[in-house]
Amino acid sequence: MKKSEIAKWNTVMTKYKYKCKKISNVSKSIRYIGIINLHGRTLTGKINSGTKPLFSPNQVREEFFAIATSVKIRKKSLTVIGETNYVIYNHDKVIILLLQNKDVIYYITFGPKSIPSKSIIEKIRMISTEE
C-alpha cells in the first residue's frame with residue numbers, strides 16, 4: 001500500500017471507532033457495537049464495560065461471516081422489495097440489531113429484555129449514516 005492509501009485507511013478506521021463510541025452512548029442497554037465488512041471481517045468494535053462476551057473468538061468469526069453472507073444473498077431481492085432498513089434478531093440471551101450502510105454492517109447487541117425502540121434505532125441509524 002502507498003502511504004496515501006494507508007493514511008486514507010487510518011482515517012476511515014478512526015471514523016468507525018468514533019461511531020462505535022458514539023453509538024454506545026445512545027442507550028445503556030447496548031452490550032456491543034461492531035462494524036464488519038461484507039466479507040464478515042471485523043473492522044472495529046466496542047464492548048461496553050461490565051459486559052461479558054457471549055461468543056468465543058471463533059464463534060464471532062462464524063457469526064459475522066454468516067451475517068455478511070446473508071446480506072450479500074439478500075441483495076438480489078432488494079430491487080423487488082426495496083432496501084433493508086434494519087434487522088432485529090431476538091434471541092433468549094441477546095437482541096441483535098443490524099444496519100447496513102454502503103459496504104459495512106453495524107452489528108449492535110442489546111440485553112435480552114431490551115428491545116430497541118424506534119427512537120433508539122433511528123439515533124443509531126443517523127450516526128451510522130453520518131459522513
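Which residues lie nearest the centre of the second largest pocket? They are V71, T84, V87, L98 and Q100, which belong to a lining of 15 residues. A pocket is an open set of points on a 1 Å grid over the protein atoms alone, where a 1.4 Å probe fits, with protein on both sides within 12 Å along at least five of seven lines; lining residues have an atom within 4 Å of a point.

The structure is a predicted model, in which local features need pLDDT of at least 70 and side-chain atom pairs count only at pLDDT 80 or more, while totals for linings use all residues. Residues are numbered from 1 along each chain as its sequence is written.

The second largest pocket has a volume of about 210 Å³, a volume being the space filled by probe spheres set on points joined across faces, edges and corners. Its greatest contributor is α2, with four residues, and β3 and β4 each supply at least two. Helices (H or I, at least four residues) and strands (E, at least two) are DSSP runs, numbered from the N terminus.

Strands β3 (residues 87-90) and β4 (residues 95-101) pair in the antiparallel sense over four bridges; pairing requires that DSSP finds at least two bridges. The two strands form a hairpin with four residues between them, and I88 stands opposite L97 in β4.

The largest pocket has a volume of about 280 Å³. Of its 15 lining residues, Y32, P53, L54, F55 and V60 lie nearest its centre. The elements giving two or more residues to this lining are β1 (30-37), β2 (42-47), α2 (57-74) and β5 (104-110).

How values were computed
Heavy atoms only, no water.
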